[in-house]
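Dear colleague,

I am passing on the structure below, and after it you will find my notes on what was found. Please read them with the model open beside you.

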Amino acid sequence: MSSFRVAAIVNEPLAIIRRFISWYRLAGAERIALYFDNPLDPAIADLQGQQDLDLIACTPEFWLTVGTTQETRFTTRQNAALTHAYHASPADWMLAVDADELVYCPDQSIADLLAAQHETVRSLVVQPAEYVQAPEPGAHFRFPITVPQVQQVYGAASGVFRKRLGLIGHSFGKSFHRNDQHDIRLRQHWAVDTTTDQPVPHHAIGHAERAYLLHYVAPDYATWAAKLEFRVSASGYTVMVKSMLEEARNAPLGDNFAETEESYAELFRLTHCIDMDILEKLRQIDGILILPEAEFGPVVAARHVGIASSAISRQDLPKGGRSIDPKH
């Protein structure tokens with residue numbers, strides 16, 4: 001078996017961080033490094049004393065030690081933190097992910113998956129399966145699909161999904177990086193060879209290999225709304241989705257606040273919920289992973305508690321907005 005560690009830069013509710021820790025502990029991670037983008041995050045004190053955690057408060061002084069500053073763009077800081085974690089890890093592999101991303105291998109352990117990789121594999125990419133709300137029980141995760149399939153599944157709204165192959169979040173995946181590569185720096189999804197400034201060659205696995213990066217990009221309305229500004233500033237959305245969001249956000253409030261709320265809820269439904277028609281089309285092309293609670297297991301089901309909800313809450317909805325046109 002191969003040993004592995006996990007690293008993430010976090011600025012999440014404590015419940016999501018706890019789920020992340022629980023998941024990767026059970027998956028066999030040797031250690032978990034959490035870089036807190038907010039150095040005063042109260043989660044740091046809450047998690048102190050757990051022997052398998054490395055808790056790094058990203059103070060201005062820390063950022064200087066990794067060659068950047070607190071004012072630098074988030075993705076640049078993220079890359080610096082992940083690179084720091086990689087070069088500090090003695091494990092055979094290191095996984096660089098976000099707190100809302102969980103590697104799921106139902107047929108084997110992660111350690112066995114890594115041990116089976118040929119010695120020439122420097123980075124192993126696990127392709128994403130993006131969580132969506134669906135009108136039936138279970139946990140539903142859609143895969144990247146081809147551009148013609150995007151048109152087939154999403155029809156008039158396909159322009160929203162085309163660039164990222166049927167997803168709203170990233171369609172590339174996240175990587176395990178083999179140890180002892182001294183001349184690499186990490187980016188969010190892959191590694192770069194510092195001697196050539198070119199991406200490190202990688203091997204990608206996904207649905208065909210029964211290996212998934214479960215991505216809870218928008219598990220419920222409240223979580224989605226709370227991270228809208230961050231995702232826009234961190235290039236978390238395509239240009240089209242950003243323009244739809246800005247159209248809703250910049251519109252006058254009007255007299256009917258319920259209509260204003262609904263414009264945001266409509267955008268959430270369009271991008272992160274599927275109806276039965278879309279669900280059946282995804283089934284037909286083998287484009288969705290459905291994990292019934294009984295199969296998913298009580299441990300995995302517990303990770304949904306307080307995180308995923310089938311209801312769109314009206315609590316703390318953002319202000320502003322009007323009806324969304326997915327075809328513009």
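**Aromatic pairs, sheet and helices**

By the rule that rings of Phe, Tyr and Trp (for Trp, its six-membered ring) pair if their centres lie within 6.5 Å, with planes under 30 degrees apart counted as stacked, over 60 as edge-to-face and the rest as tilted, the count comes to 15 aromatic pairs. One of them joins Tyr131 and Phe141, whose ring centres are 5.6 Å apart and whose planes stand at 65 degrees, so the pair is edge-to-face. Because Tyr131 belongs to strand E7 (residues 128–132) and Phe141 to strand E8 (residues 139–142), this pair ties together parts that are ten residues apart in sequence.

Please bear in mind that this is a predicted model, in which local features need pLDDT of at least 70 and side-chain atom pairs count only at pLDDT 80 or more, while totals for chains, interfaces and linings use all residues. Residues are numbered from 1 along each chain as its sequence is written, and side-chain values use heavy atoms, with hydrogens and water left out. Helices (H or I, at least four residues) and strands (E, at least two) are DSSP runs, numbered from the N terminus.

Taking buried to mean under 20% relative accessible area, with a 1.4 Å probe and protein chains only, Tyr131 is buried at 7% and Phe141 is buried at 0%. Phe141 also forms an edge-to-face aromatic pair with Tyr216, at 5.6 Å centre to centre and with 85 degrees between the planes. Since Tyr216 lies in the loop between strand E14 (212–215) and helix H8 (221–226), whereas Phe141 lies in strand E8, that pair ties together parts that are 75 residues apart in sequence. Elsewhere, Trp23, Tyr104, Phe143 and Tyr212 form one aromatic cluster.

As for the sheet, seven strands form an open one in the order E3-E2-E1-E4-E9-E6-E13, with mixed pairing, where two strands pair if DSSP finds at least two bridges between them. Its edge strands are E3 (53–57) and E13 (202–205), each of which pairs on one side only. The twist from one strand to the next averages 20 degrees, angles being taken from 0 to 180 degrees between N-to-C directions of lines fitted to C-alpha atoms, for helices over the stretch in contact.

Strand E2 (residues 32–36) pairs with E3 in the parallel sense over five bridges, and Leu34 has Leu55 of E3 as its bridge partner. Strand E9, by contrast, runs antiparallel to E4, to which four bridges join it, with Trp93 opposite Arg178. Four bridges also join E9 to strand E6 (residues 123–126), again antiparallel, and there Val125 stands opposite Ser175. Four of the five residues of E9 are buried, so this strand is largely enclosed by the rest of the structure.

Helix H1 lies across strand E1 (4–10), E2, E3 and strand E4 (93–96), at about 160 degrees to E2. Helix H4 (residues 74–88) touches E1, E2, E4 and strand E9 (174–178), and its direction makes about 155 degrees with that of E1. In H1, the buried residues include Ile16, Phe20 and Trp23, and the helix is followed by Gly28, whose phi is positive, near 100 degrees.

Finally, the structure holds zero disulfides (pairs of cysteine sulfur atoms within 2.5 Å).

With best wishes

Methods
Buried < 20%, exposed > 50% of the residue type's maximum accessible area, 1.4 Å probe, protein only. Contact = heavy atoms within 4.5 Å.
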